[in-house]
Amino acid sequence: MKPRLVLVGLGHGQLEILARLDALHERYDVQYIGGRETIYTGAFPQVIAGEMESATTRLRPDVTPVANRLIGLDPDARIVETEHGQVGYDLLVLATGAKSRGLGTGLKPMTSYVLDDIVNSEAVTVVGGGKAGVELAFACIRQKRRVTLYARRLLPELPRRVAKRMARRLVRSGVTIILGPFQPGQGDGLVLDATGVVADDWWSAAGLAEEAAFIETEDDLRHPVYRDIFVTGDMAARLNGGVDAVRSGRHVARLLLGTKRPFKSRTSLNILLTTPGQALLTYGKLTWHGRLPFWLKRTIDRRYVERFT
Ligand SMILES: Cc1cc2nc3c(=O)[nH]c(=O)nc-3n(C[C@H](O)[C@H](O)[C@H](O)COP(=O)(O)OP(=O)(O)OC[C@H]3O[C@@H](n4cnc5c(N)ncnc54)[C@H](O)[C@@H]3O)c2cc1C
């Protein structure tokens with residue numbers, strides 16, 4: 001009998017694993033738990049800006065989920081609890097992402113309903129001045145009457161002169177920036193939580209992490225105690241952002257197929273959309289704002305969505 005491999009969640013990492021499904025079927029009895037589609041977060045600001053029709057990626061048509069949701073996990077008994085009952089496993093890949101903090105409308109998990117709400121709102125308040133919040137404010141102001149951005153500081157991880165330049169561009173585009181903490185009830189229109197993600201409660205309930213902590217993994221992306229569990233994407237403490245989610249999924253697919261090489265963390269290249277036809281590329285402290293990063297981002301995102309649609 002082949003070992004039972006259970007894949008949970010259609011995160012960015014899981015799509016890369018599902019792309020190797022034919023090879024995986026030769027070694028494992030594979031089952032999938034999760035939805036049939038998910039929103040590619042790298043591209044949804046382009047949908048809001050009216051530059052891309054869809055950022056929805058889909059499960060391969062030849063895969064039928066055994067259930068829609070993981071609702072609990074017993075890693076000692078190797079059992080996933082779902083809305084349709086229990087699913088046993090020998091190896092488990094978790095790619096269910098993390099969740100927004102809970103200020104207004106969360107961006108995680110991103111769903112088509114949340115995306116429709118954003119697209120259909122006339123006024124939007126974005127809370128959070130990191131890369132996600134800034135990109136979202138730039139995208140929203142292209143289609144909305146009013147956009148307010150609350151931030152303690154804008155783009156704190158980038159050099160100050162770059163952050164200042166982006167702040168000027170936001171203001172010139174029509175975004176109202178309020179530097180200070182957001183208080184519930186202050187927002188104008190739909191309030192979007194771009195303050196980052198937090199741990200889901202079931203991780204600690206299952207004994208995979210301390211309360212409110214992200215899940216630790218060894219450099220083979222397996223849990224240090226429950227070695228039959230791989231963790232990809234935002235759930236894993238060692239990973240950061242969508243680029244890492246995609247890389248970690250690719251790596252887990254290779255590990256499942258026999259590679260022994262460890263996962264190496266590296267600086268991610270990020271590109272965020274700014275004003276029409278322009279984007280800001282960041283690589284560590286290096287930055288480049290202009291047309292070329294825009295075309296690069298569009299090409300990468302279109303290819304990704306086409307590949308998984
Ligand atoms: C506005 C914004 C812009 C961003 N832009 C970029 C960018 O340009 N580049 C970049 O690198 N990163 C970007 N990020 C970060 C990126 O979105 C995340 O790092 C990435 O989505 C993490 O992928 P993931 O696979 O861990 O989880 P997700 O992409 O969140 O996927 C998790 C999936 O699991 C499903 N799921 C959740 N719970 C369960 C359950 N209990 N059972 C079954 N399924 C479940 C969800 O429905 C979802 O389909 C952005 C984030 C935001 C908010």
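Tutor: Contact here means heavy atoms within 4.5 Å. The model is a predicted one.

Student: Which residues of H6 meet Val134, Ala137, Phe138 and Ile141 of H5?

Tutor: H5 covers residues 131–141 and H6 covers residues 160–173. The H5 side of the contact consists of Val134, Ala137, Phe138 and Ile141. By class, the contact of H5 with H6 has six nonpolar, one polar and one charged residues. The residues met in H6 are Met166, Arg169, Leu170 and Ser173.

Student: Are H5 and H6 roughly parallel or roughly antiparallel to each other?

Tutor: The axes of H5 and H6 lie 10 Å apart, and the two helices pack at an angle of about 25°. H5 passes H6 in a left-handed crossing. Angles under 35 degrees count as roughly parallel. H5 and H6 are therefore roughly parallel.

Student: How does the radius of gyration of the protein compare with what the globule rule gives for 309 residues?

Tutor: The protein has nine helices and 19 strands. Its radius of gyration is close to the globule-rule value, so the protein is as compact as a globular protein of that length. Along the principal axes, the C-alpha trace spans about 65 × 40 × 35 Å. The radius of gyration is 20 Å, against 19 Å from the rule.

Student: What is the phi of Arg78?

Tutor: Most residues other than glycine have a negative phi. Arg78 is found in the loop between strand S5 (70–74) and strand S6 (79–82). Its phi is positive, near 55°.

Student: Which residues do ring pairs link into a cluster?

Tutor: A search of the whole structure finds five aromatic pairs. The cluster linked by ring pairs comprises Tyr40, Tyr304 and Phe308.

Note on methods
Residues are numbered from 1 along each chain as its sequence is written. This is a predicted model: local features need pLDDT of at least 70, side-chain atom pairs count only at pLDDT 80 or more; totals for chains, interfaces and linings use all residues. Side-chain values use heavy atoms; hydrogens and water are left out. Rings of Phe, Tyr and Trp (its six-membered ring) pair if their centres lie within 6.5 Å; planes under 30 degrees apart count as stacked, over 60 as edge-to-face and the rest as tilted. Axes are lines fitted to C-alpha atoms, for helices over the stretch in contact, and angles run from 0 to 180 degrees between N-to-C directions. Helices (H or I, at least four residues) and strands (E, at least two) are DSSP runs, numbered from the N terminus. Angles under 35 degrees count as roughly parallel, over 145 as roughly antiparallel, 65 to 115 as roughly perpendicular and the rest as oblique. A crossing is left-handed if the near helix is turned anticlockwise from the far one by less than a right angle, and right-handed if clockwise. Ala, Val, Leu, Ile, Met, Phe, Trp, Tyr, Cys and Pro count as nonpolar, Asp, Glu, Lys and Arg as charged, and the others, Gly among them, as polar. The radius of gyration is taken over C-alpha atoms; the globule rule is 2.2 Å times the number of residues to the power 0.38.
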